[in-house]
Amino acid sequence: MPPISRRNALLLGGLGVAGTVAGGAGLWWSLNSREPPVAGEALEQPTALSSAGGALEASLEAAPGLFLLAGRKAGALGYNGGIPGPTLRLRTGDVLRVRLVNKLAEPSNLHLHGLHVSPQGNGDNVFVTVESGSSFDYQYQLPAQQPPGLYWYHPHHHGRVADQVFAGLFGAIIVEDPAPPAVSSDRVLLVSDTTVDGTGNVAYPSLPERVAGREGTLVLVNGQANPRLVARPGERERWRIVNCCVARYLRLRLDGQRLQLLGMDSGRFPSPSDVQEVVLAPGNRAELLVTAAAGESVLRAVRYDRGSMPGMTGRGRRPGPPLGQDGPPDPYGTALATLVVTGEPVATATAAAAPAWPPPPDLRSAVVSARRQLVFATSMGAGAGPGMGMMDFTINGRNFDSGRADLTVAAGTVEEWTLVNRSPMDHPFHLHIWPMQPVAENGRTVETATLRDVVNVPANGQTTVRIAFRDFSGRSVYHCHILDHEDLGMMGVIEVR
Ligand code: C2O
Ligand code: CU
Ligand code: CU
């Protein structure tokens, strides 16, 4: 039975993409003849749309079509004809106006992940529904306190988020750094995963794959399979990496090169630190400084164990060795990109230290006006999930209901939330609008103040964060950023007033 065709007929809106109407024999034929991904092409950058004079007016058209994924045309979804969508380059204090044009065969909307903007009206309001065939004008005012850095955008229509992101709807947002470190190139690397089935369309996962959080067989950078980057010895580059995967954690390594972590999620760290690897949960971003050393190095995603549901056979189709099994770390992992460092070494002009960056106000010394506990659980048999009847994803015992306010917070206060995971798999916790400062993970104190918008809550563990509810009031959401879990209802509504 073709696992995909009905869903893709819906996603693709009867576009007539080759294969969506294939019968059993045709499907069998194409499943066995699909050509392998094309790897090793030069890394491409998404089109950039940059603000000028304090404003950016942009139009994002979400539409089905044939897109290049791993060098082959596939039936997928994209913004403005590409995967990824255009990169929006903004400055602190800018106004961003985006017309979202929905040419999908189903509802969608737009969310600016990580930006500190109003959740109300036509701002970053995930309760807005943009129906198929209609459009919506969003307007966002970036505050002066928006930390420069790397953010991203994606759809947020409840129940359809994982499918739409998996099919290609995502793009980067850069808030320009007023005093950037000197670099020879500044690159955006949007890491996504997807599966293209034998009919040449993005695949629809099974229910067990959604419960586990789907992981695609293709892990791509800017839609490309293991693209090549070329640098000269001694050059220093800035890599802005987003984990756009629906459920895959990325434990990244670039052995043989000097890696410095400049920041994660919101803003830069006061100074970059040398790292061997960096772990990005779905939704997280990292900014890296890479100082090139002669030779060839592969950016790899190595094994990360995020747990699994008992009795489930892992998290579905994935490349390389099975990641769901216990054992020593996989030394090879998945190749994401290859850095080729060759030619005349450059003088060390770009090796100057990155300009220092002020740390965010440390909320560990703030007055805490409320302490809350949010318990993440997955239960078999309760059957309260929409259309599930077998698996329920809850926060504090409840499945998502957009009509309810789960938490009411007084504007202007600081709260401490303890995120407790009572399930055997990690859940990356995401709060919209208001960044979080991690203060403890599994009882270990976090010493440095950083602003994060996705924090991992380890399987059967807990993470504590503090949040300053400053600047904006209104209704928004928090959820697990394994987007399948979000769609299955592991999400709550926060009302700040
Ligand atoms: Cu990146 Cu509520 O999402
Ligand atoms: Cu978000
Ligand atoms: Cu989850």
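Predicted model: local features only at pLDDT ≥ 70, side-chain atom pairs only at ≥ 80, totals over all residues.

Reader: Great. Which protein donors does the copper ion (ligand 3) have?

Author: They are His-427 through ND1, Cys-480 through SG and His-485 through ND1, at 2.0 to 2.1 Å from the copper ion.

Reader: And what spacing do the donors follow along the chain?

Author: The spacing is H-x52-C-x4-H. His-427 belongs to strand E25 (residues 427-431) and Cys-480 to strand E30 (residues 474-480), so this pair, 53 residues apart, links distant parts of the chain.

Reader: Are His-427 and Cys-480 buried or exposed?

Author: Both His-427 and Cys-480 are buried.

Reader: Switching to pockets: how much space lies in the largest pocket?

Author: About 600 Å³. Its lining has 25 residues, and those nearest the centre are Met-264, Pro-438, Glu-441, Val-446 and Arg-452.

Reader: Which domains does that lining draw on?

Author: Domain 2 (185-351) and domain 3 (363-496) each give at least three residues to the lining of the largest pocket. Strands supplying at least two residues include E15 (258-264) and E26 (436-441).

Reader: What about the second largest pocket, what is its volume?

Author: The volume there is about 480 Å³. Of its 27 lining residues, Gln-145, Pro-147, Pro-360, Pro-361 and Leu-451 lie nearest the centre. E26 and strand E29 (462-468) are the elements that give two or more residues to this lining.

Reader: How does that lining divide by class?

Author: The second largest pocket has 16 nonpolar, seven polar and four charged lining residues. For the largest pocket, the lining has 15 nonpolar, seven polar and three charged.

Terms used: Residues numbered from 1 in each chain as written. Chains lettered and ligands numbered in written order. Heavy atoms only, no water. Donors = N, O, S within 2.8 Å, 3.2 Å for Na, K, Ca; no water. Helix = DSSP H or I, 4+ residues; strand = E, 2+ residues; numbered from the N terminus. Buried < 20%, exposed > 50% of the residue type's maximum accessible area, 1.4 Å probe, protein only. 1 Å grid on protein atoms, 1.4 Å probe; cavity = no way out; pocket = protein on both sides within 12 Å on 5 of 7 lines; lining within 4 Å. Points joined across faces, edges and corners; volume = space filled by probe spheres on them. Nonpolar A, V, L, I, M, F, W, Y, C, P; charged D, E, K, R; others polar. Domains from an automatic or database assignment.
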